[in-house]
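These are my notebook entries on a structure that I had not examined before. I set down what I looked up, entry by entry.

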Amino acid sequence: ILLYRYTQQDDLCVGYSINVRKPEEAHALGFYINTLPLRTSLTSELTTIELLHFVKENRLNDKKYQKTPTSQIINYLRQFN
């Protein structure tokens, strides 16, 4: 909502970090973080609470992609430009 307020863009894509370390890798050293895109389309029909639920559902659905390398996601998205 804050990004919409500053940018006046109703289609937002924000990268967020997610931990991809498996429990059995807890002893290993290193940076086990992946960046995933979170895309949200803001419409005037949604209330703030509905928007937050929508974003939460998208975030939970993204867990299945948490191991996908960011470069692979970018290459996939480039084919649509």
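Entry 1, surface. I looked up the accessible surface of the protein and found about 6,800 Å², of which 56% belongs to carbon and sulfur atoms. Accessible areas come from the Shrake-Rupley method with a 1.4 Å probe, and for residues only the protein chains shown count as cover. I note that this is a predicted model, in which local features need pLDDT of at least 70 and side-chain atom pairs count only at pLDDT 80 or more, while totals for chains, interfaces and linings use all residues. Residues are numbered from 1 along each chain as its sequence is written, and side-chain values use heavy atoms, with hydrogens and water left out.

Entry 2, burial. Of the 81 residues of the protein, I find that 15% count as buried. Buried means under 20% relative accessible area, exposed over 50%, and partly exposed in between (1.4 Å probe, protein chains only).

Entry 3, fold. I recorded 3 helices and 2 strands, in the order α-β-β-α-α along the sequence. The radius of gyration is 15 Å, well over the 12 Å that the globule rule gives for 81 residues, so the protein is more spread out than a compact globule. That radius is taken over C-alpha atoms, and the globule rule is 2.2 Å times the number of residues to the power 0.38. The C-alpha atoms fill a box of roughly 45 × 30 × 20 Å along the principal axes. Helices (H or I, at least four residues) and strands (E, at least two) are DSSP runs, numbered from the N terminus.

Contact means heavy atoms within 4.5 Å. Among contacts with a separation of 6 or more, I find that 51% join residues 24 or more positions apart.

How many salt bridges does the structure hold? I found 1 salt bridge, the term meaning a side-chain nitrogen of Lys or Arg within 4 Å of a carboxyl oxygen of Asp or Glu. Arg39 pairs with Asp11, their closest N and O atoms being 2.4 Å apart. Arg39 lies in strand E2 (residues 33-41) and Asp11 in strand E1 (residues 11-19), so the pair ties together parts that are 28 residues apart in sequence. Arg39 counts as exposed at 54% relative accessibility, whereas Asp11 counts as partly exposed at 35%.

Is Thr40 buried or exposed? With 9% relative accessibility, Thr40 counts as buried. Leaving aside neighbours within four places in sequence, I list its contacts as Asp10, Asp11, Leu12, Leu51, Phe54 and Val55.

I found Gln8 in the loop between helix H1 (2-7) and E1. Gln8 has a positive phi of about 60 degrees although it is not a glycine. Most residues other than glycine have a negative phi. Gln8 is exposed, with a relative accessible area of 54%.

Tyr65 is found in the loop between helix H2 (48-61) and H3 and counts as partly exposed at 42% relative accessibility. I find its C-alpha atom separated by 24 Å from that of Leu3, 62 residues away along the chain. Ser71, in helix H3 (residues 70-78), counts as partly exposed at 48% relative accessibility. Ser71 and Pro23 are 48 residues apart in sequence and 24 Å apart in space, C-alpha to C-alpha.
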